[in-house]
Amino acid sequence: MGNRFASGKYAISECDRCGQRFKLKVLKTEIIKLKNYNLLVCPECWDPDHPQLQLGMFPVDDPQALRNPRPDRSYKISGLLADGYSGGGSRIFQWGWNPVGGASSFDAALTPNNLNLVVQLGTVTVSVT
C-alpha cells in the first residue's frame, strides 16, 4: 500500500504569516505553548516555541518556610569572653558610609563608632614651572 499523499516536491504554498510564496517543503509548522495551530510559516517567520510561554503550565514548588524552626542559640555562646562575660555576641558589627563609622550624635548609643579611617600616603612632589 502506497502513501496516501503526493510527495509535493514541486508544490508551492503561501506562508500563513507573511503571505509570500515558498515551496511547500520549506514551510515549517508553527507551535505555540506546546499546541499545534496548523500554521505553515516560512523560515524567516518561524519562531521556536519559547520556554517562557510555558510558565504556569507545570506546578512549581518553592517553599519558603521551615517546619519546626528553632531559635538561634549561638548568639550568647560564641559571644562570651574568656572570663565568662558577654562580649557583645557573635553578631556585633560596625557599618558606616558618611561619615566613616556612621554613628551620629542621635544614634551613638545604638551604633558605637569604633571605625577609624587610617590612610598612609607616600611622598608627593609638586613642581610648578
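Colleague: How many disulfides does the structure hold?

Modeller: Happy to start there. This is a predicted model, where local features need pLDDT of at least 70, side-chain atom pairs count only at pLDDT 80 or more, and totals for chains, interfaces and linings use all residues. Residues are numbered from 1 along each chain as its sequence is written, and side-chain values use heavy atoms, with hydrogens and water left out. A disulfide is a pair of cysteine sulfur atoms within 2.5 Å, and the number of disulfides here is zero.

Colleague: Which cysteine has the sulfur nearest to that of Cys18?

Modeller: Cys18 takes part in no disulfide. The nearest cysteine sulfur is 3.6 Å away and belongs to Cys15.

Colleague: Is Cys45 buried or exposed?

Modeller: Buried means under 20% relative accessible area, exposed means over 50%, and partly exposed lies in between (1.4 Å probe, protein chains only). Cys45 has a relative accessible area of 14%, so Cys45 is buried.

Colleague: Which residues make up the largest nonpolar core?

Modeller: A nonpolar core is a set of buried Ala, Val, Leu, Ile, Met, Phe, Trp, Tyr and Cys residues joined through side-chain atoms within 4.5 Å. The largest one has six residues in all: Cys15, Phe22, Leu27, Val41, Cys42 and Cys45.

Colleague: Which side chain makes a polar contact with the side chain of Glu30?

Modeller: Glu30 is in strand 3, residues 28-32; helices (H or I, at least four residues) and strands (E, at least two) are DSSP runs, numbered from the N terminus. Glu30 counts as buried because its relative accessibility is 3%. A polar contact is a pair of N or O atoms within 3.5 Å; within protein, one must be able to donate a hydrogen and the other to accept it, and residues adjacent in sequence count only if both atoms are side-chain atoms. At 2.9 Å, the partner of Glu30 is Arg17.

Colleague: Over the face of which residue does Lys28 lie?

Modeller: A charge sits over a ring if NZ of Lys or CZ of Arg is within 6 Å of the ring centre and within 35 degrees of the ring normal. Lys28 is 4.3 Å from the ring centre of Trp46.

Colleague: Which side chain is joined to Gln54 by a polar contact?

Modeller: Gln54 is in the loop between strand 4 (35-41) and helix 1 (74-78). With 17% relative accessibility, Gln54 counts as buried. The contact spans 3.3 Å, and the partner is Asp49.
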